[in-house]
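Please work through the exercises below with the sequence and the model in view. Each task is followed by a solution in steps.

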Amino acid sequence: MEPIKTEIVVVGGGPGGYAAAFYAADKGKKVILVEREKRLGGVCLNCGCIPSKALLHATDLIREMEASNERGIVFGQPKINLGKLRAWKNSIVEKLAQGLAGLCEKRGVEFLQGRGHFEDSQSLRVETSQGQKFISYEKAIIAVGSRPALPAAFDLGNKRVMTSTEALELEEIPKNLLVVGGGYIGMELGTVYATLGSNVVVTEALPSILTGVDSDLARPVMRYAEKAFKEVRLNTKVGKMATSGKQIKVTLSANGKQKDETYDRVLVSVGRLPNCKDLGLENTKAALDDKGFIQVNYQMQTSDPAIYAIGDVVGGALLAHKASKEARVAVEAILGESSSFENVVIPAVVFTDPEVAWCGLTEAEAKQKGVQVQVARFPWAASGRAMTLDRPDGLTKLIIEPESERILGVGIVGARAGELISEGVLAVEMGATARDLAESVHPHPTLSETLMEAAEVFYGYPTHTFAQKKRTPLP
Amino acid sequence: MDVRVPRLAEGVESATVANILVSAGDRIEKDQVILELETEKAVGPIPSPAAGQVAKIHVKPGDEVNVGQPLITLTQEGAVEKAPPAEKKAPPAGEPKTTRQAPAPEPQKLAQAAEIQPSQYQYESASGFPLPASPSVRKIARELGIDLARVKGTERGGRIGVGDLKSYVEQLQRRAAAPALEKPAAAAPTSVDFSRWGVVTKKPLSSLRRTIGQRMVESWSTIPHVTQFEEVDITNVTKLRKEYGPSWAKKGKHLTLTPFVLKAVVAALKKYPVFNSSLDETTGEVVFKNYFHIGVAVDTEAGLIVPVLRDVDKKRLADLSQELNDLVERTRKRKVSLEELQGGSFTISNQGGIGGGHFTPIINKPEVAVLGIGRSTLKPVVKDGKIEARPMLPVCLSYDHRVMDGADAVRFMTDLVGMLENFPEQELKG
């Protein structure tokens with residue numbers, strides 16, 4: 001069979017893959033986008049970021065309603081029509097996916113549904129519903145993403161043991177739900193189910209939830225979880241699971257003691273694994289690192305000069321926006337432009353209640369690496385806007401290099417922290433100093449003021465809180 | 001559209017124009033080689049990204065060019081010209097336009113020039129965090145091939161602005177224009193008129209030969225070479241080749257001696273990592289490599305080229321054999337990429353195919369050792385008190401005496417000989 005010739009083939013249609021395909025097409029390249037699912041968008045759109053945020057927003061009203069009762073506007077008990085909620089969520093996914101399909105067509109990117117398999121460094125075999133097709137390409141970009149890890153001991157073939165994918169399907173509201181793993185996925189989906197009425201128990205093998213997040217930023221989330229969840233059990237391991245009638249029997253161990261409990265459903269959120277298998281990488285020169293991710297350089301090029309890889313499959317932070325940035329770098333590198341993923345600031349947001357967001361250097365990292373930094377904190381209890389929103393449970397902090405007053409990192413916990421962090425990204429990327437932030441007027445009353453006031457705390461002259469120490473001005 | 005100097009390879013920012021294969025007015029095809037660029041390692045062909053007519057050639061042989069610099073201008077007919085992707089928007093206000101026409105000299109040269117300047121600046125980070133500059137300034141610097149760590153930022157917090165970059169570039173140009181402080185030259189070469197004694201013909205050295213020459217002089221004059229000689233009884237390897245050769249040949253694989261040597265060398269390198277190191281002459285550090293990329297000297301029509309086999313330790317003998325044959329084949333046709341010529345940690349030079357006994361190979365700097373192999377011959381060997389005819393293979397190891405001593409070399413060679421004489425059959429299976 002005569003292979004289809006193309007300049008660039010992109011394997012995987014998630015936020016990395018479609019961004020790469022669109023950008024390359026915009027730059028005048030002939031592009032084929034191979035995706036195994038019928039719909040573009042990958043995990044992010046179909047069973048990740050988008051549906052989870054839809055459900056968090058929908059349930060936020062219930063959480064807000066409970067707070068409202070305290071403020072004197074009292075609502076009755078909400079009635080939950082699960083079918084309608086699911087349909088609303090699905091409609092968002094569908095609309096966005098249609099949008100992507102339209103953008104694909106407009107750019108002349110050829111969409112090929114099927115599984116891609118590398119035959120060698122220059123050719124890809126695609127298993128489509130109409131049989132095999134062969135693509136002969138100049139450059140390939142792998143963006144096949146990752147999937148939820150489901151350890152063999154938990155894989156009972158029972159739909160009551162869910163990963164995030166199934167949990168987002170919202171088949172039912174279980175009376176008792178066990179969430180294994182207190183990372184961001186477990187905490188976000190735990191919040192959704194707890195608000196919908198499940199008794200949620202979260203277990204975490206490590207001593208804190210949201211590992212990797214600075215402890216002062218994780219604390220308000222923990223406080224919420226302690227109140228809204230039935231229980232958060234730290235230092236607790238889940239040994240095995242077994243089907244027990246219409247329930248799941250789970251063996252938990254903590255402090256050297258074991259006990260069995262039964263749950264109606266279990267959500268396993270213990271991490272994600274790269275989709276490197278069955279790609280035919282062994283037929284190319286691309287190599288994997290010791291964790292099973294594809295090895296790439298700063299231009300996103302694998303050890304095979306014709307093949308680039310981006311997104312979750314190359315490891316690092318498994319985030320959609322990281323994949324999209326890497327897509328740009330890879331395409332520019334292919335075009336021979338100067339582009340590099342070196343020193344790119346990648347923000348992270350956890351959409352719990354309250355939200356947590358950070359970028360650049362974290363306080364924990366600074367401590368671990370022995371970097372001398374000064375941390376300026378502004379508590380939201382001192383923010384007028386936070387008070388009017390009835391959300392004083394927040395904190396904004398800046399991680400500052402004392403010698404230059406440069407902002408190396410920003411961390412925020414609080415309502416809408418995800419929307420606030422972008423200013424921090426700009427500050428860190430621009431090499432801004434705390435003075436730059438303090439001197440830029442922020443509108444009152446907004447939550448964004450907390451960034452300016454944190455910078456003022458650094459100098460010792462905040463308006464809405466009191467700082468003991470005054471900083472000696474730089475020479 | 002302009003055809004510009006592409007990214008040549010990791011860490012290679014500049015090259016010299018070796019040959020120009022087209023002339024102004026020529027009609028050329030897409031992928032037709034327009035010129036050859038020579039980096040410190042090799043000569044690489046630059047294919048045209050599109051078909052068209054050569055409107056202008058911006059460079060001449062011998063020119064030093066940087067990544068992103070225009071080489072030729074191509075007029076494309078018929079097709080509507082797309083906005084060329086490499087064409088950047090007009091540089092931001094303040095950026096000197098002159099840098100486009102006369103690109104800044106390559107960073108290394110600048111660094112050398114800067115050494116003689118009292119005000120040599122190098123950014124030092126208090127936090128270990130990368131230097132402060134906005135993404136747009138960093139992008140311009142990347143395009144111009146400028147190391148921002150040498151640019152002093154004058155904005156608050158030491159941040160580098162476009163203005164800082166501009167004054168740095170201007171400074172460089174002034175410096176480049178100033179008469180260079182050359183090292184005192186060695187005795188000036190003199191020309192001898194050989195035609196006084198008979199008829200002669202003259203042919204210029206090819207650029208590849210010049211590159212080889214420069215590198216040999218550099219290695220020979222800076223590294224104290226010592227060469228260790230040994231002989232290996234390859235009865236066992238010969239037997240294995242006879243045993244496995246025919247079945248491999250049916251699969252189209254040619255089982256030569258070199259893959260055996262590659263495997264044995266890697267085993268010895270693992271045991272004696274100093275032979276897989278480099279000496280950083282600027283810091284006085286020995287850099288040990290945790291990878292085993294082995295260069296293999298290939299005799300081509302144009303001269304010696306050394307392509308590199310990656311991760312030899314991780315590959316099966318069968319795969320290695322095939323990869324080697326493919327690499328040698330492509331090298332002879334000069335179809336290897338620049339990337340494939342870089343990153344070697346040790347080199348093997350097998351002359352056995354042509355003949356050869358012991359010789360003294362020159363180290364492929366910045367490596368610290370090289371293994372030479374001659375042709376095996378039957379020699380009388382005393383075994384268990386009796387004289388037997390055995391195929392003996394001459395091997396010779398040149399090493400950098402600054403980094404290791406004779407005792408290290410003897411240990412390395414003893415292990416290498418031992419492994420080759422008792423080559424594990426297991427390696428050929430599976």
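Residues are numbered from 1 along each chain as its sequence is written, while chains are lettered from A and ligands numbered from 1 in the order in which they are written.

**Exercise 1.** Determine which element of chain B has the lowest mean pLDDT and which the highest.

*Solution.* Step 1: pLDDT is the predictor's confidence in each residue, from 0 to 100. Chain B averages 82, and 86% of its residues score at least 70.

Step 1: Compare the elements, where helices (H or I, at least four residues) and strands (E, at least two) are DSSP runs numbered from the N terminus. The lowest mean, 36, belongs to helix 1 (residues 98-101) of chain B, and the highest, 96, to strand 17 (residues 369-373) of chain B.

Step 2: Residues 78-118 of chain B have a pLDDT below 50, and this stretch makes 53 contacts in the model beyond near neighbours in sequence. Two residues are in contact if their C-beta atoms, placed from the backbone, lie within 7 Å. Where pLDDT is low, the predicted coordinates should not be read in detail.

Step 3: For the complex, the predictor gives an ipTM of 0.70 and a pTM of 0.61.

**Exercise 2.** Describe how helix 1 and helix 4 of chain A pack.

*Solution.* Step 1: Helix 1 (residues 17-26) and helix 4 (residues 82-107) of chain A meet at an angle of about 25°, and their axes are 10 Å apart. Axes are lines fitted to C-alpha atoms, for helices over the stretch in contact, and angles run from 0 to 180 degrees between N-to-C directions.

Step 1: Helix 1 and helix 4 of chain A are therefore roughly parallel (angles under 35 degrees count as such).

Step 2: Helix 1 of chain A contributes A:Tyr18, A:Phe22, A:Ala25 and A:Asp26 to the contact, and helix 4 of chain A contributes A:Leu100, A:Leu103 and A:Arg107. By class, this contact has five nonpolar, no polar and two charged residues. Ala, Val, Leu, Ile, Met, Phe, Trp, Tyr, Cys and Pro count as nonpolar, Asp, Glu, Lys and Arg as charged, and the others, Gly among them, as polar.

**Exercise 3.** Find the edge strands of the open sheet of five strands in chain A.

*Solution.* Step 1: Read the order, 18-19-22-21-20, in which pairing is antiparallel.

Step 1: Strand 18 (348-350) and strand 20 (374-379) of chain A each have a single partner strand, so one side of each is left without a neighbour in the sheet.

**Exercise 4.** State how many residues each chain gives to the contact of chain A with chain B.

*Solution.* Step 1: Chain A gives 27 residues and chain B gives 27 residues.

Step 1: On the side of chain A, strand 22 (406-414) and helix 11 (417-430) are the elements that give two or more residues. By class, this side has seven nonpolar, 11 polar and nine charged residues.

Notes: This is a predicted model: local features need pLDDT of at least 70, side-chain atom pairs count only at pLDDT 80 or more; totals for chains, interfaces and linings use all residues. Angles under 35 degrees count as roughly parallel, over 145 as roughly antiparallel, 65 to 115 as roughly perpendicular and the rest as oblique. Two strands pair if DSSP finds at least two bridges between them.
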